[in-house]
Amino acid sequence: MSRVVVIGAGLAGLVAATRLAQGGARVVLVTKGTGGLPLSQGTIDILGYAPERVTRPLDALAGFAAANPGHPYNLLDADAVRLGVAYLRELAGPEVFVGDPEVNLQLPTAVGAIRPSAVVPAEMAAGACVDGARFLITGPGQLKDFHPQLIAENLARTQLPEGGRLAARWAQLDFPARPGESDSTGLTFARSLDDPAYRRRFAAAVRALVQPGETVGLPAVLGVSDASVLTDLTAQIGAPVFTIPLPPPSVPGVRLNNQLTAAAKAAGVRIIPGAKVIDHRSSNGRLLSVISATAGTPREYAADYFVQATGGFESGALHLDSHNVVHETVFGLPLVGADITELVHGDYWGPPQPLFKVGVGVDASMKVDGPYDNLYAVGGILAGATRWQEKSGEGIAVASAVRAADAVLAAIAATDQTPARDDATQGAQA
Amino acid sequence: MTPHDSNNAHDNNNYAADQVARASLDHCVKCNICETHCPVSAVTPLFSGPKFVGPQAERYRHGESVDHSLDYCSSCGTCTLVCPQGVQIAELNSQARAVMKADHMPLRDQLISRTTLMGMAMTPMAPVANAALGFKPLRMVIEKVVGIHRDAPMPTARTQTLTGWLKKRKAPTKAPTRGSLVYFHGCAGGYFEVETSKRSIEVLEHLGYEVIVPKQSCCGLAQQSNGLFDQATAQILKLCDELRAGGKDLTIISASGSCTGMLKHEAHEIMGVDDSRLADVSTRIRDIMEFLLDLHDAGELPTNFKTIDITVPYHAPCQLKAQGMGQPAMEVLKLIPGVKAIESGVTCCGIAGTYGLKKEKYEIAQAVGQPLFDMVKATNPDLALCDTETCRWQIAKSSGVRTEHPIYLVHQAYGLS
Ligand SMILES: Cc1cc2nc3c(=O)[nH]c(=O)nc-3n(C[C@H](O)[C@H](O)[C@H](O)COP(=O)(O)OP(=O)(O)OC[C@H]3O[C@@H](n4cnc5c(N)ncnc54)[C@H](O)[C@@H]3O)c2cc1C
Ligand code: SF4
Ligand code: SF4
């Protein structure tokens, strides 16, 4: 059985590792810390702005890619994204997501702006900002970072992306997550809402505010471990309910992280947290092992193939030094897009900063353009995208993860079928 | 003598200021990931959580602590493990707590830190000690006077120490084929959890190793976690000398998950002990399940295991997870035919060494461990597995399920019991 090491436990790393393990590889996932999912809205953004607002992301993909040479969507087409999203939905479980990768929903944010995303947690579906919608935005005053008035008033004065307007009013609840606590995080509220008794009291408080015909917008705190919170609250409130994602810790992101971590473990992935990769060994153009900083003494993980899912600047995988030089911090790989004089321009609200397009280059199988034959890269480390501005991060992550995993599995199958004779794979036996 | 001699917790904040832990706070990007994993702030509003008492409050500390909820941190180490930016949150917290408590260290915290003393005192009168600690009125007096909660788990004293067993047992009949190892049993493994040590040694001997058990004392972990850094430093260096006397360059094996963590990294990273003897031991010591898995990965572990048909809950202690090696016991258990080990998925059992013994923390510790106790009972009411002694006592006491070290099943699967 071939061994694969995946580095990084964000969306890209978890998906790649699970697919590899399900395909029969022996997978070790080493990671410095938790990946970016608990910071994310828990939505699957494919393409939101190109740069104007996108309504049908997969239809827009080819044109967007053509206009942006070097963007990962030049290698990962609409079918690759469909495959990636379908696989993610399978891993998360059938009830987790709603929506269609073909169409963007337009959903309210925590400041009352309207954000495009394609496949979203079931609890967000009823929040689609369409002409004639009537929202009541409400939540506990004891919850940090949720301001019903700001959200409702901004939504109500916005011309909707697809035309028309919606009506929104707001109300603030006096409803602590725990007795005596005055500024709890969303996660604390979510834990309280996991408890059916607390949930009943909360639903009663909300029900008292709702007028006929209104859809209720709540903060995205509908439970971390109990999957029935949405249906239960909807029934008890007696009106459709949707949620608005909050700044981190983001409950839908935490939930997705838990679900995908559990799926990886169930598939047999050996997850090693707290293991920052600090070194590696290679020979004849192949990586032999990575070495992690571990309590006491470094540990070495040998493998036949390696998948790098280390994210970008935000996770420390890329580093800009004081001489304006960008480094890939794990293997020192050559970078694409780093050889320009002005990595950051002064116009903060202007066009995308060149710095954020820096990353590693790959071929169509996600094999890294660099010194090693058996190293693949997926997710945020890929060059060419400004993920948060385009709203393309999750689409790239899942499509590249599935592509790389399938390429590695195919390479394994090929070497298994041609023993001894294939000299291209010498050294892989290490 | 040693470079850390000036690092005195009673002087000021020196040892912390000198440490990399403090420098790491500037890496905090306020992502809140640590907050989502902290087992204590999840169950009580009394603790504001790792980001707040760690990188946030540390900026305002100049000796004096600005946030006294810090004392509710159990030092489980989870926050440091999950932080994607490498902030040493738990280490910062432990250092700040030592400073905060320096001038009013409760007698209770000094007493419960003296693990060896308790073991030595209890062994010769084990039946008496066990009966006394099971006696409710006495426990209520202890709670009042000393501050140890009346229902907190206490170890069961044994009539024989490990040293006693080693002296009396028949010498192994098989000649070693794989060289020598040094065995570190820890206080619990010497006095209370004697069976775990015996089984570990027998497994290693079965594999063909000669096992050397040098005379050894306490690693000082309980003192460290209670902020008694001076005593803990003296302890651990004494222990290093003793373990080094077992043999130069030999691998050191232990089945005490948390004491191993103290030797591997905590003494250095929390107390700033910077001593070549510690550096030598910390690079040579391996957890026993880690060692077995390394052997397996190298193709050197015999897997002619007997089938054991059992579904068993396995809980990886937080201080083991903090060592950054994953959960080796899970992988080793997968090698035994018939064994279906179910990972608890729970962050911490609550006890965190001596935390859950304290009367003001007992309820919190129970709430932290509750999902684990429920999971254990639901998975197998007769047996649970966990790598660390105090966690086993906590799980056994609160769930009513007998709890053993994973080596227990390996021993059985090799036909040794
Ligand atoms: C502030 C912000 C906002 C964003 N908003 C959006 C948005 O609205 N829409 C959108 O589509 N995308 C957005 N993105 C991008 C999106 O979050 C990511 O592209 C996506 O989640 C893919 O992440 P990943 O798995 O590649 O990496 P991450 O989730 O960053 O995971 C990287 C992993 O690698 C590990 N790692 C790093 N270095 C090492 C090492 N040396 N050794 C071991 N492990 C290591 C880390 O610990 C981590 O587990 C945003 C990103 C940021 C930073
Ligand atoms: S996980 Fe690390 S970076 Fe994030 S808030 Fe906590 S200490 Fe800061
Ligand atoms: S060490 Fe444990 S209890 Fe303390 S702050 Fe970190 S996660 Fe919370």
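Predicted model: local features only at pLDDT ≥ 70, side-chain atom pairs only at ≥ 80, totals over all residues.
User: Which residues of α6(A) are buried, and on which side or sides of the helix do they lie?

Analyst: Tyr198(A), Arg199(A), Phe202(A), Ala203(A) and Val206(A) are the buried residues in α6(A). They cover an arc of only 135 degrees around the axis, and therefore they lie on the same side of α6(A).

User: What covers the buried residues of α6(A)?

Analyst: The cover is drawn from chain A and includes both strands and helices. Among the covering elements are β7 (134-140), β8 (167-173), α5 (186-193), β9 (215-219) and α7 (229-237).

User: Which residues of α7(A) are buried, and which are exposed on the other side?

Analyst: In α7(A), the buried residues are Val229(A), Leu233(A) and Ile237(A). Because they cover an arc of only 50 degrees around the axis, they fall on the same side of α7(A). On the other side of α7(A), the exposed residues are Thr231(A) and Ala235(A).

User: Which residue follows α7(A), and what is its phi?

Analyst: The buried residues of α7(A) have a cover that includes α5, α6, β9 and β10 (241-244) of chain A. After the helix comes Gly238(A), with a positive phi near 80 degrees.

User: Where in chain A do Pro51(A) and Pro249(A) lie, and what is omega for the cis peptide bonds that join them to Ala50(A) and Pro248(A)?

Analyst: Pro51(A) is placed in the loop between β2 (26-30) and α2 (57-67) of chain A, whereas Pro249(A) belongs to the loop between β10 and α8 (251-266). For the cis bond between Ala50(A) and Pro51(A), omega is about -5 degrees. For the cis bond between Pro248(A) and Pro249(A), omega is about 0 degrees.

User: Which residues come nearest to ligand 3, and how is its shell divided by class?

Analyst: Of the 14 residues around ligand 3, the nearest are Cys38(B), Cys73(B), Cys76(B), Gly77(B) and Cys79(B). Helices α5 (78-82) and α6 (89-101) of chain B each give two or more residues to this shell. By class, the shell holds nine nonpolar, five polar and no charged residues.

User: Which residues are closest to ligand 2, and how many of its shell are charged?

Analyst: Ligand 2 is surrounded by 13 residues, of which Cys28(B), Cys31(B), Asn32(B), Cys34(B) and Cys83(B) are the closest. The shell has nine nonpolar and two polar residues, and the number of charged residues is two.

User: Is Lys358(B) buried or exposed, and with which residues is it in contact?

Analyst: Lys358(B) lies in the loop between β6 (339-343) and α21 (362-379) of chain B. Its relative accessible area is 6%, so Lys358(B) is buried. Leaving aside neighbours within four places in sequence, its contacts are Lys101(B), Arg108(B), Asp109(B), Ile112(B), Gly147(B), His149(B) and Asn226(B).

Technical notes. Residues numbered from 1 in each chain as written. Chains lettered and ligands numbered in written order. Heavy atoms only, no water. Buried < 20%, exposed > 50% of the residue type's maximum accessible area, 1.4 Å probe, protein only. Helix = DSSP H or I, 4+ residues; strand = E, 2+ residues; numbered from the N terminus. Arc of directions from axis to C-beta. Contact = heavy atoms within 4.5 Å. Near = heavy atom within 4 Å. Nonpolar A, V, L, I, M, F, W, Y, C, P; charged D, E, K, R; others polar.
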